[in-house]
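Have the sequence and the 3D view open as you go.

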Amino acid sequence: MSKVIFRITPQTHVRSTQGDRIYFRIPRDKLRPAGLKRLLRLERYNEYKINLCALAKSKKFTPPEQGGHLTFYIPVPKTWKKYKKEQMHFQLHQSTPDWDNLAKAFFDSLMHQDKGIADVRVTKKWVNQETGWIEFTSELPQIPSRDNLM
């Protein structure tokens, strides 16, 4: 079993459309507030994908086809009171963002097509720090052979 830690705050997948290309062509000072907000969100997501890919390459990490536990450590909001931050440290994260959007952003950053991924367990936890991180632990489950099933 091996563990890889990515020191980057997790982000969710951002669904982009063909129409979003226009935001990159219009000068920022000409964009309306909603368009500027959308552009900044797309840029932040693209930067996350580039940084995560660079971290993975530096660690020589490629996701295995099966047998993995992906844990996202998400920073507690700055607006929370101190006692609540301490109380929620390493507790399960049961609010948005959804685990599937976090996993989608992770695999989209590292792979062109994630159709080869067969088995992944995903966990979200709060962490009382300014930045979060992502852990990938490879667990190789025992897959029953065809002979054992009959």
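Helices (H or I, at least four residues) and strands (E, at least two) are DSSP runs, numbered from the N terminus. The model is predicted, so to speak of local features a pLDDT of at least 70 is needed, side-chain atom pairs count only at pLDDT 80 or more, and totals for chains, interfaces and linings use all residues. Residues are numbered from 1 along each chain as its sequence is written, and side-chain values use heavy atoms, with hydrogens and water left out.

**Overall layout**
- The chain has five helices and four strands, in the order β-α-α-β-α-α-β-β-α from the N terminus.
- Its C-alpha trace spans about 65 × 45 × 30 Å along the principal axes.

**Backbone details to look up**
- Lys-60 sits in the loop between α2 and β2, and its phi is near 55°, a positive value in a residue other than glycine.
- Thr-96 and Pro-97 are joined by a cis peptide bond with omega of about 10°; Pro-97 belongs to the loop between α3 (82-88) and α4.

**Where α2 meets α4**
- The axes of α2 (residues 33-58) and α4 (residues 99-110) come within 8 Å and cross at roughly 60°. Axes here are lines fitted to C-alpha atoms, for helices over the stretch in contact, with angles from 0 to 180 degrees between N-to-C directions.
- On the α2 side, Tyr-45, Tyr-48, Lys-49, Leu-52, Cys-53 and Ala-56 are in contact with Ala-105, Phe-106, Asp-108, Ser-109 and Leu-110 of α4 (heavy atoms within 4.5 Å).
- By class, this contact of α2 with α4 holds eight nonpolar, one polar and two charged residues (Ala, Val, Leu, Ile, Met, Phe, Trp, Tyr, Cys and Pro are nonpolar, Asp, Glu, Lys and Arg charged, and the others, Gly among them, polar).

**Aromatic pairs**
- The count comes to 11 aromatic pairs (ring centres of Phe, Tyr and Trp, the last by its six-membered ring, within 6.5 Å; planes under 30 degrees apart are stacked, over 60 edge-to-face, the rest tilted).
- One of them is Phe-72 with Phe-106, edge-to-face at 6.5 Å centre to centre and 80° between the planes.
- This pair links distant parts of the chain, with Phe-72 in strand β2 (residues 66-75) and Phe-106 in helix α4, 34 residues apart.
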